[in-house]
Amino acid sequence: MQPKPGFLGFPKPANPLLGPGLIKLAEGEALNVASIDIALMAYNAWRDKLLVVSSLIPQNDGASLYARTSSDGGSSFDAGGSDYGYQSLGSGATSASFIELIPSIGNGAGEGAALAIELFHTTNPAVYTKLLARNIVSSSTVTTVVSIVGALRAAAQNTDAIRLLSSSGNIASAFWSLYGFN
Amino acid sequence: MIYTKEDVAPARNVNGKDVALSDAERDAIAAEWSANEARDSTMSRTAELEKKRAFAMMSLQERVLAEAILDPDAPQPVKDYAAELAKGSP
């Protein structure tokens, strides 16, 4: 049986793991770090990916969570003033040096954030890489804030790494898992 | 707040493993954090000024109504007057 053509007609690499559903590709835990960088180039067989971040707690109470992308495997991350656009309900930016995923995360007892980021067609150098983040933030008063953010890297390029960082202060702790959509 | 490299963690987490940052990298991160906080603080002040400006341009009746809506602890006479305003018959 001929392999199904992949991007630009190239044969899709044979992968014994391929099958319907999600495949866990990588996972990690971060404690007191300046950022969390996740390289994606080893997973080019998966066109779309899902990054799940659990129990993210910032060092600074009320810090925002940002994301940036890379096209050189994580050696450098794009941070130009007009590299990104993002939009959430009621806020957004068409020209920014980061993607604001969550505007404010508390770090008190029981607080923190969880989010699921879908990364679309990261392997296609002909289109802007797009992502969709679904976020939930909890506070010690048992209120929750839910948001959805759509964002793009404003350049046609392959995206092969993503960075999560705080607007200020370190990331005190977070757990993450990366999945590939089959 | 002005951050310095001592405020920055000694490492990034790269693919689940900590990778040490150089002093230059930590300096750059500290500078960005300081700039972000300064920008956010300016935006907050601007938003607060906008609110005050809008309030200053309201009529007396609008102010009473706004105070009663925004402040659940507003004095009862203010709430009563606001309720009358809301009905359109102050």
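**Entry 1: helix α3 of chain B**

I started with helix α3 of chain B, residues 76–87, in this predicted model. At 1.5 Å a residue, its 12 residues should span 16 Å, and I found the end C-alpha atoms 17 Å apart, which agrees. Next I asked how many of the 12 residues of α3(B) are buried. The number is 1, so α3(B) lies largely in the open.

**Entry 2: chain B as a whole**

I then stepped back to the rest of chain B. I counted 3 helices and 2 strands there, and from the N terminus on they run β-β-α-α-α. The radius of gyration of chain B is 24 Å, well over the 12 Å that the globule rule gives for 90 residues, so chain B is more spread out than a compact globule. Along the principal axes, I get a box of roughly 70 × 25 × 20 Å for its C-alpha atoms.

Domain 1 of chain B covers 1–57 and domain 2 covers 58–90. I looked up their C-alpha centres, and these lie 40 Å apart.

I also checked burial and contacts for chain B. Of its 90 residues, 16% count as buried. Among contacts in chain B with a separation of 6 or more, 21% are between residues 24 or more positions apart.

**Entry 3: chain A**

Over to chain A, where I found 0 helices and 12 strands. Read from the N terminus on, the elements of chain A are β-β-β-β-β-β-β-β-β-β-β-β. Buried residues make up 37% of the 182 residues in chain A. For contacts in chain A with a separation of 6 or more, residues 24 or more positions apart account for 75%.

**Entry 4: where the chains touch**

Last, I looked at the contact between the two chains. Chain A gives 18 residues to it and chain B gives 16 residues. Which elements of chain A give two or more residues to the side that touches chain B? They are β1 (22–33) and β2 (35–39) of chain A. The largest share of that side, 7 residues, comes from β1(A).

β2(A) pairs with strand β1 of chain B, residues 11–14, in the parallel sense over 2 bridges. I noted one bridge by residue: the partner of A:Ile36 in β1(B) is B:Asn13.

Conventions:
Residues numbered from 1 in each chain as written. Chains lettered and ligands numbered in written order. Predicted model: local features only at pLDDT ≥ 70, side-chain atom pairs only at ≥ 80, totals over all residues. Helix = DSSP H or I, 4+ residues; strand = E, 2+ residues; numbered from the N terminus. Expected span 1.5 Å × (residues − 1). Buried ≥ 20, exposed ≤ 12 C-beta atoms within 10 Å, placed from the backbone. Domains from an automatic or database assignment. Rg over C-alpha atoms; globule rule 2.2 N^0.38 Å. Contact = placed C-beta atoms within 7 Å. Pairing = 2+ DSSP bridges.
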